[in-house]
Amino acid sequence: MSRYQQAPTDGGYGQSYGQQQQYNQGYGQQGYGGSTPYQDDEYDDGYNKYAQGGAGAGVGAGAGGQYPMSSNNPYATSSSPRGYAPQKKSRKTMWIIIGVIAAIIVIVAAVVGGVLGSRHSSSSSSDPSSSTSGTSGDSTNFATGTAGATSGNTALPTLLSYWATNAAAETQTGANGEVYLAIATDTYMLPAYATGTATSGYVAPTTYASPAASDAWPADPSPPSNASIRAHPRLGAPQYKWDALTSGGLIANNPYLSYWNKTIVGNASATLNDAPEAYVEDGGLSGSGVLDVARRIKLKVKNWSYAYRVTNNTAYADRVWTELQTAAGNNSEVSFGADDGTRWNPAHFLDLAEFTNAFAIAYDWLYDIWTDDQKEAIKWSIINLGLYYGNLSLAGDSAASSYYWWTGISPGHDGDTRVNGNWNCVCNGGMILGALAIIDDDTTGIAQAILDQAVPDAQTNCFFGPWSDGTWAETTNYWYFGTTGAAEMVSALTTSYGDDRGLTSVNPGWELTSLFHIYAQGMTSLFNYGDHGPNKYSATANSLLLWGSIFDKPLYTLYQRDHYDASEPWSMFWYDPAVEGAWWDGLAIDHWFNSSEGQWATGRTSWTDNSGLFWAIKASELQHHQTHGDLDIGDFVLDALGQRWAGELGSGQYLSDGYFSIEDQNSERWLYYRKRTDGQNTLYIDYQNQNVNATPTGNYGSSGTTQGAAPYLALNTTDTSYFWTDMSSAYNYTVRRGIRTLNARRQVLLQDEISGVPSGIDVMWRMHTNATVTVDSGTPTVATLALGGQTLLASIVSGPSSAAFTTSSPAARLTQDPPVPTGPTTAEDGDQPNDGVTVLVIDMTADGTDTDLQVLFNPQWPDLSSSDYVSAPSVSLASWSLTSHN
């Protein structure tokens, strides 16, 4: 299986955290299988073997099994500002392998969270949307040829491989009568559902009207207010919820909470004997700093603190103290940064914020076990190593002028650039949690000063991270960091004071950003355009659990609880156990995110059968993405048959010279292949990058198909979706591109219309793939792509007489491209290799006439013969409609 994502590093922590055997022990008796993900040699051929899965004895088990979220995961660089930071250098060389995992998050025993789904045990439903299997008209075909059963949904899609299965989970029932739907985790770490047409017991997303007392949160017995802060613990996890989980029976009676709890405590136990985290810089303190160190500490501290609270085993609390002592510079055996007060590295403020966050959680969750001296020591670190620098930043103090850029439009200074991305969310989140943890013990007044400044700063910057349609301003991967930081501050404010100070209501797009995440998930991976970001040690998609409750959207909660990254401490408090239903019931399978700043569209064949078809295309503006975007208007990805056929290269080397040098046309960023136009799946004309000031338009159509209650969707032969964009403003010519499905969404047509290009100018069509590509010299208009045992045929069905497929492998810059920025001669200053990635190319020379090009993608579905495929009619993009290709 291909994974379009960042590959592991060759230094630092590549072999330390997470490659230890103890992470793969302890739950073999659960029978969830395992594999051997994230070994260095998995990336040697440009093809992530993690996708192949494998059988094992338990969660993450198997000989040589590894913690799936180790430093060997594909996100091994660092988040970045919009060109405000100094140029970064380090010894590490990053490279990307085409192929993407859904979202690599730092959670152990991923399968425990991933195999879970939900179905009410009742035999009937009054919800009209649950009365059918979800069809789009008369149809005799299943979308991928996987029929399943009509009397009971038991068969998994046959075209996928599975990392772990647990069919027995179908019989497990919670106190509210909920049972599992997702009975396996596929090799992309996505939940797999038993397919079939049975609808008995499936209901639309909702909340139980009268949940069992042992399977629902009790009322808050002592609600806090702005005039009366809650006693400890208060950061997202008030005492009454700890009591409900343990003595109240929630862990015992709710299957999700039960599995997550086992996973978290298992993770905590597995790391008790780890050496304290060492202070290892990545590219220097002004480069990527010690962000990985901070986030690993945060992850461990959360797990250990949680484990102590639910077990009363002081070994966990003792281990937290050892880690805190080390990170505060008080462990004589471990050197931890400078002794001048900058130990947590304000120069790369994300590091400082995550350290502060970790110390705040430890201080608050373990408040009752700390001695007065321990409390004083932790509080001293929070104030002097964390909040002091946050206060300087938020106040715009000149002493912080080299790093306060992250505050963006701030009430404390005259910043005029909104930092609506992960930096502002994570930094303000760390400051707010640090302040809330100590505010009633703080005699300096700095905690109150932080709250007075950080909350409005986050409201002005972080909470405008989504555009009006929910699309995250940076990228689909940076969404994780931003929404996690935001959720932590919202949760902590709410449980401390009773409300979030208006954070979640300031931007209507915030309520929609969970839908953005859901729709961006393809059959194999995210639509992962732009930069992928650093290790997701402490960032997950579990904010959906919180937003589901805040916005009364059970869909969000039900979607996320089926995913493997749900097994972490925040989930234990953000999850509403009283939700029920099939999250996909009534959810449209197509969507157009039409905000011009981040415009994109997508369509698929099913929400529950990942062996089907998925497409997504981007037509957004190219600036205002916090310097994490690419020059990629018209870029697309394509999934089918359990494979990603057209994918993204992702991040370049974050430490490269000029990589974050703003988003202007002449930015050095656009000299790197993975950021250039020719590094995308789009048109490259006259060997020139697209215009960064482009304003593409969008045109969209969909049959409006929604999936019903059953985990199966039959499609009418005329069912379709399409999107086309006028992207002329990105070029010096008239250029339009469209994508649509044909033949019950079994085939995909990509169409380009180009005019006004002078004779002799090069016009190049490019698509990056992990597939092995064969082009017969006798019929160069047909390319055969082979990947993961599956086949896709790409055919030029209309175009200039000279149009023919060629290939370039491995993917690399063209000789006509300008050189990368000059700078020190290090591995970070050039393009990273793209081994295993082939570019499928149609290279044409304009002759002064209009160029119309149609490429038809035909996945070779096992239930279709050659005569079942349809030809693509020639219809101009302006005339596309729902019936134009019938």
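Trainee: Let me start with one pair. Which residue in β13 is the bridge partner of Phe614?

Mentor: The partner of Phe614 is Asp639, in β13. This is a predicted model, so read every pairing as part of a prediction. Now step back to the two strands. β12 covers residues 614-618 and β13 covers residues 636-640. Four bridges join them, and they run antiparallel.

Trainee: Which strands make up the open sheet of eight?

Mentor: The order is β16-β17-β18-β19-β26-β23-β22-β21, and the pairing is antiparallel. At the edges stand β16 (699-702) and β21 (772-775); each has one partner strand, so one side of each has no neighbour in the sheet. Neighbouring strands here are turned by 15 degrees against each other on average, ignoring direction.

Trainee: Now for β19. How many bridges join it to β18?

Mentor: Count the bridges on each flank. On one flank, nine bridges join β19 to β18 (residues 734-742), and the two run antiparallel. On the other flank, β19 pairs with β26 (residues 851-859) over seven bridges, also antiparallel. Follow Gln751 across. Gln751 in β19 is the bridge partner of Gly738. Gln751 also stands opposite Gln854 in β26.

Trainee: How many residues lie between the strands in the hairpin of β18 and β19?

Mentor: Four residues lie between the two strands. Look at Asn743 in this hairpin: its phi is positive, near 60 degrees.

Trainee: Which residues point one way from β19, and which the other?

Mentor: First the general idea. Side chains in a regular strand alternate between the two faces of the sheet. Now the case here. Gln747, Leu749, Gln751, Glu753 and Ser755 point one way. Val748, Leu750, Asp752 and Ile754 point the other way. Both sets are buried. Nine of the nine residues of β19 (747-755) are buried, so the rest of the structure largely encloses this strand.

Trainee: What should the span of helix α7 be?

Mentor: Compare the expected span with the distance between the ends. α7 has 17 residues, 349-365; at 1.5 Å a residue, it should span 24 Å, and its end C-alpha atoms are 24 Å apart, so the two agree. α7 is also mostly covered, with 17 of its 17 residues buried.

Trainee: Which residues have the most contacts inside the largest nonpolar core?

Mentor: They are Tyr306, Ile518 and Trp583, in a core of 151 residues. α7 gives the largest share of this core, 12 residues. Take Ile518 as an example. Beyond its sequence neighbours up to four places away, Ile518 touches residues including Leu544, Leu555, Tyr559, Trp583 and Trp607. There is also a second, separate core of 55 residues, and Ala694, Tyr731, Val757 and Met844 are among them.

Trainee: Is Asp215 buried or exposed?

Mentor: Check relative accessibility. Buried means under 20%. Asp215 has 0%, so it counts as buried. Asp215 lies in a loop, between β8 (206-207) and α2 (239-245). Among the residues it touches are Gly174, Asn176, Glu178, Asn254 and Pro577. Leu257 is 42 residues from Asp215 in sequence, and their C-alpha atoms are 9.8 Å apart.

Trainee: And the whole chain: how many helices and strands are there?

Mentor: The chain has 15 helices and 26 strands. Of its 886 residues, 67% are buried. Among contacts with a separation of 6 or more, 79% join residues 24 or more positions apart. The accessible surface is about 25500 Å², and 48% of it belongs to carbon and sulfur atoms.

Definitions and conventions:
Residues are numbered from 1 along each chain as its sequence is written. This is a predicted model: local features need pLDDT of at least 70, side-chain atom pairs count only at pLDDT 80 or more; totals for chains, interfaces and linings use all residues. Side-chain values use heavy atoms; hydrogens and water are left out. Buried means under 20% relative accessible area, exposed over 50%, partly exposed in between (1.4 Å probe, protein chains only). Contact means heavy atoms within 4.5 Å. Accessible areas come from the Shrake-Rupley method with a 1.4 Å probe; for residues, only the protein chains shown count as cover. Two strands pair if DSSP finds at least two bridges between them. Axes are lines fitted to C-alpha atoms, for helices over the stretch in contact, and angles run from 0 to 180 degrees between N-to-C directions. The expected span of a helix is 1.5 Å times one less than its number of residues. A nonpolar core is a set of buried Ala, Val, Leu, Ile, Met, Phe, Trp, Tyr and Cys residues joined through side-chain atoms within 4.5 Å.
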